[in-house]
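Here is a short briefing to read beside the model. Please keep the sequence and the 3D view open as you go.

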Amino acid sequence: MMMRGGRSLVSSPPAFSNDAKKLLVCTSNTVSVFSTATGLQITSLEGHTALVTSVVVVPPSSPAAKVLCYCWTASLDGTIRYWDFSVPELMKTIDIRVPIFNMVIPSFLDIPAVDKGKHQDLFAYVFTEDTKETQEKTKALRRQIRKCNLSKSRLVGRLILGETKKPEVLTVSPSGKFFGIRNKCKLHIWKVPDQGSEHAAVRKITLHHTKKITVIAFHPTQRVIAAGDVTGRILTWRGFGNIAFAENQKLINIQEDKPGVRDNDDADSCSTWHWHSAEVNVLSFSSDGAYLYSGGKEGVLVVWQLDTGKKKFLPRIGSPLLYFIDSPDPTLSAISCADNQIHLLKMPSMGILKTISGIKTPCCYPEMCKGLGNGIAFDQTAGLVALRTENYCIQFYSLFDDRGISEVHVCERNHQPGDDVTVIVTAVALSVDGSLMSTSEVKLAEEGIGGLVCLKFWQAGSQNKEFSLSTIVYDPHRDAGISAVTFHPSGNMVVSSSFGGDFKIWRCNNDIIQNDQMHQNFSWTCHAVGSYKKRPMTAAAFSADGSVLAVAAETLITLWNPYKNVLLAVLGETLTPIVNLSFLGKSDNLAAASCGSNPQLSVWSMSKLSLSWSYKLCIEAVASAVDSSSFAALALLPESSNETTFKGRDGVILLYNATNPVPTAIWSVKKAKGGALGFLQVNPSSVEEVDGKTPEVLLAYMSGDHEYVVFDPYCKDAHEVSISQKEGLSSLELKGQGGQYGYASIYGELPEFDKKSPETPWVPSFPSERPWETIFSGSSHNLPPLTKLCSAFLESLLEKRTAAVE
Amino acid sequence: MAEIRAEEQTLAISKTFLIKPKLKPKARTLPQTPESKYWSSFKSTQIPNLISSISSLSFSPSPPHPFAAAYSASVSLFSPLSLSDGDVSPSSTISSFSDVVSSISFRSDGLLLAASDLSGLVQVFDVKSRTPLRRLRSHTRPVRFVKYPVLDKLHLLSGGDDAVVKFWDVAGESVVLDLMGHKDYVRCGDCSPVSPDLFVTGSYDHTVKVWDVRVEDSRSVLEVNHGKPVEDVIYLPSGGLIATAGGNSVKIWDLIGGGRMVHSMESHNKTVTSICVGRIRKENCGDESMEDRILSVGLDGYMKVFDYGNMKVTHSMRFPAPLMSVGFSPDCRTRVIGTSNGIIFAGRRKGKENVESGGGGNVLGFESISEPERRGLRPTYFRYFHRGQSEKPVEGDYLVMRNKKVKLAEHDKLLKKFRHKDALVSVLNKKNRENVVAVMEELVTRKKLLKCVSNLDADELGLLLTFLSKNATMPRYSSLLMGLTEKVIEMRAEDIRSSDPLKGHIRNLKRSIEEELRIQHSLQEIQGIISPLLRIAGRR
């Protein structure tokens, strides 16, 4: 079994179904269908093999047809597909063999119901990349606008409407008469030919502006087009194309003054509004054409009354706005935000009804704060991941359900996109049972004054991960930053280590106050302080039974008794400071990862107090299973390793048994930088069975941009993949770390690491999507009839074979 | 019929966060019990400037329970109602005494007040007119206590340094009984709350004697030995127990059990001077019940609350002077404590007015004044259109909550408008240093603090420098303020040089810094002394 999730909900604009009860969201290779009433996912359309770039819902031709749920999707894999998304079922596939960046279908917007019988051809305008003509053309102008006959499933001849350097967004007018794109400071508008003939001449006008235009929108009824530019201005041209698109070709060339219109452009007037301080990303007319919605980087949705220019605001959304979609239901609309959230708005009042919460995007911090950990903690029992977000929150995301559960506001601040980052959540730790959380935050100083480090302890409410603050500690290690926070397995002890050279053990005193209901009140007090030769403490970990605390003092590992605060032993020395410590389950081994110029993954035996084995690997994350001795490490591949051998995959997950330096399984992954690993305990109800047995434990990998995959590391087919690669690993790595511990004498016979070794028989081994596994998944009432399923199932198997042959 | 407009639940993404000072660390003591919360809920007011020590305090049994305080050669009456308004002047004063007043006692209806003085005279006053109605002279030595029986309006009990306890007929100004038996000064006594005939007296001969006026030949019916000179004795409300105070201890005796000592409370460090019965309202499992406590005050300046049901000290309060007397009003709302230096600490508790004392009883008797019948509302009345607006919700009503309006302080409002300098100035004017530091911290997070400093004009700079000179050396804020002070002086050096008032501020600042340096030096010296000792201690 394998679960993917954490995909971006905001890669392309979503689309409402005709009854406004469903929202179709492009989520990488699939289109997810969400219910607007509950905000939960209903189903998904699976079939595309690359990023889905547009989804167009077929509008109803008559009021009775409102219940019909058909849509067209276009993807980078070069196909346009036609779906019935109520079932969901693929109806038709059109392969045009060029990646499609954007698709609009203007013509069915104006097909009157009477014409249906005549069977007009349906045309789509697509934005594609020309893959063939690379020789004669300059590379710059390879993105083309083409016309596609959807009824006949092919591109229309050699008709190229326009070419640009970059893929642009095609915008179609609600009436279906025009569509346009922006191109730097220009605006190209085409008039859709009335007749459904293939080669009807498409007329085009161009409007000019002095700034780079970012977004355009058409008025639903009038010849008005609005455009936003990078400086935040909104331009509104009225009566564009009066000359070029005139119905009767009679020239009415009267030189009247055209206020605001540049360069003798074909428009009556042009007016400018300026409220946004940064570029405008969202522009949309209301369905009656009386209002214009605009939004941009500052996260404020502005409603302009078109006639008067009066404004109304939905302020403080907290994230740059990307898309605004009106629904057929006038009381509902949706905005997509850059932090992977889609808010459903109740319309005239603009209150947020529901939020479709995707996983929040990783936050980017100033350079000085790098290396403070990735701020990701796994809740093993509940299958949740806690990750810090840009708006000073900790988001709890369910890995099994693929949706956001809750957010905990860690700092009492609101995030405003574009602000300087002055407060940073540096670490988050969860107790084993997930009921307690500890976070640390740093307030950056202004020219050396006013810096503050806070350590906060939280306790979960009765349900739903509603955390409440129990204790704040200001400047826990004087002014030094916190390097790591870790919970004791019992949950009533926390260690925080600092770069200032000490670590503190915090203990929880819980007084149970019995008023109306049982109410536990936790308070945390400092129990002990320890330091080792004033060295910066860089990492900390408790052993599985909680009897030993390991704290890394730069290159050394110090072992302490956490209850009595007694130094038990000091272990060896690594070359560079240790950034990650982890006890390996119940076994008496300790894994330490150090980074820097001489990265190293080393495993230390607690019984012998010596190094067992080590690799020269740049480790991003280490995770150990609670009750087995195996652990997984996410290693970054060296930059020098050839990109083609890994196909853009820059990291590997290595599964080790603690006693054995040879990994039991290997997977290569993408975007490993900033990634995280975590073992999850299996809750039998949440996981479907494979071969009649549930997997013991699951491994979750979260990539640098928070896409994740959950899989069974001991699964058979995962093994098959890895076994074939054992040799590959041995040639990659295994190098002892000098002779001072007698390590080389034991492992001396291992092959030397040769970075230039040309034969690295790495096969991209990340298990590919296997549709035959997912076809039958889901509840039975959602499944299509068996006859349909069977053919699809067999088909998928066939595809697999052919792929293997290739 | 209420019209309810149900708003669909909408979510807010961002909240309003007020600029709040950093949290202070809580003292690592036990959390407040409900009981200590109750006792500290008495809002304390000081009645200062009374001459000499407060020898006795007595509450009138009739509402609103005014209390009388005896000090020097006068007795003052205070109204608890004016106390809650903050008025601490006595409502009336009786000063027709020739010597120091030792003890006072209200009659059970609160109309008469008996007072004894050290000249050996016991006088009975009308509380309203303050005229002495009776003068009872028989004691040959100073009288130390006088007491009206609880259930008897005609008699009076007194005792004094002549070791005789006298039972008076007040109307006839005559002694009914001379009770001999004490071998030393009689200092205190109390009358039984359940019987008009029984009373106890305590004496410096360490004994407490129980007397019964019905007994022939005036002998005490029971005698207990406290072990120390007895300073105060009271009957507990059941009438079966008495509490005695003497030395550092308060002892509880079971009279019905033949004078057996039930418990001895020894938590005072100096002599316990006075005790009285206090009451606390307990709410367990929904129903209310009153529980009695013993309040004891001592020369160590502590007031202790003793739960004689559980034999535990449940609360203790410290006062800055030796305490001489204590009183607790029958309606449980006023607690007064007299000190030896002429200050009364009166504590008044907020609460309903209808808490009646057990023994008080309504004297006046016209409590149920029939309310005028309410006329029905008609559309001609203005109130008709306002009907139901202030209606309280009935149980079972569904409440549609209106979002609470967030109260913004002035600096919050200014910060919301990004008027950073104005916010800083406004909070500096408010003189709350915690808020000032909080606003400064917020400005640091916005990276605007130094910009603000550079924009301040001369007056505002003076304001800031005053604040800095006062607070820069406070350990809690010094990490921020020291750095800021340095920057301010650096940035505004020229303005400061050109202005004399600013120079004055700088001088103040310098002085406070020098003082702080001196403190730090001496602290370091102490550390130098201590650390080798600690080292040695750690080696053992």
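Where in chain A is the place of A:E447? A:E447 sits in the loop between β35 (436–443) and β36 (452–460) of chain A, where helices (H or I, at least four residues) and strands (E, at least two) are DSSP runs numbered from the N terminus. This is a predicted model, in which local features need pLDDT of at least 70, side-chain atom pairs count only at pLDDT 80 or more, and totals for chains, interfaces and linings use all residues. Residues are numbered from 1 along each chain as its sequence is written, chains are lettered from A and ligands numbered from 1 in the order in which they are written, and side-chain values use heavy atoms, with hydrogens and water left out.

**The two chains**

- Chain A has 6 helices and 57 strands, while chain B has 10 helices and 28 strands.
- Of the 806 residues in chain A, 54% are buried; in chain B, buried residues are 44% of 540. Buried means under 20% relative accessible area, exposed over 50%, and partly exposed in between (1.4 Å probe, protein chains only).
- The accessible surface is about 35,000 Å² for chain A, with 52% belonging to carbon and sulfur atoms, and about 29,900 Å² for chain B, with 51% belonging to those atoms. Accessible areas come from the Shrake-Rupley method with a 1.4 Å probe; for residues, only the protein chains shown count as cover.

**Surface patches**

- Patches are made of residues with over 30% relative accessible area and no salt bridge, joining like charges within 9 Å and nonpolar side chains (Val, Leu, Ile, Met, Phe, Trp, Tyr) within 5 Å. A salt bridge is a side-chain nitrogen of Lys or Arg within 4 Å of a carboxyl oxygen of Asp or Glu.
- On chain A, the lysines A:K165, A:K166, A:K184, A:K186, A:K204 and A:K212 form a positive patch. Lys and Arg count as positive and Asp and Glu as negative, with His and the chain ends not counted; a charge is placed at NZ of Lys, CZ of Arg, CG of Asp or CD of Glu.
- Look for A:K184 in the loop between β15 (178–183) and β16 (186–191) of chain A; A:K184 counts as partly exposed because its relative accessibility is 48%.
- On chain B, a nonpolar patch of about 740 Å² has B:L523 and B:I530 among its members. B:L523 belongs to helix α10 (residues 500–539) and is partly exposed, at 44% relative accessibility.

**Helices α4 and α5 of chain B**

- In α4 (residues 420–430), the buried residues include B:H420, B:L424 and B:L428. The buried residues of α4(B) pack against α3 (410–416), α5, α6 (449–455) and α7 (458–471) of chain B, where contact means heavy atoms within 4.5 Å.
- B:E441 is in helix α5 (residues 433–445) and counts as buried because its relative accessible area is 12%.
- Leaving out residues up to four places away in sequence, B:E441 touches A:K443, B:K22 and B:L480.

**Backbone details to check**

- Most residues other than glycine have a negative phi, and most peptide bonds are trans.
- A:E447 has a positive phi, near 50 degrees, and is exposed at 57% relative accessibility.
- B:F418, in the loop between α3 and α4 of chain B, has a positive phi of about 65 degrees.
- A cis peptide bond joins B:P63 and B:P64, with omega about 5 degrees.
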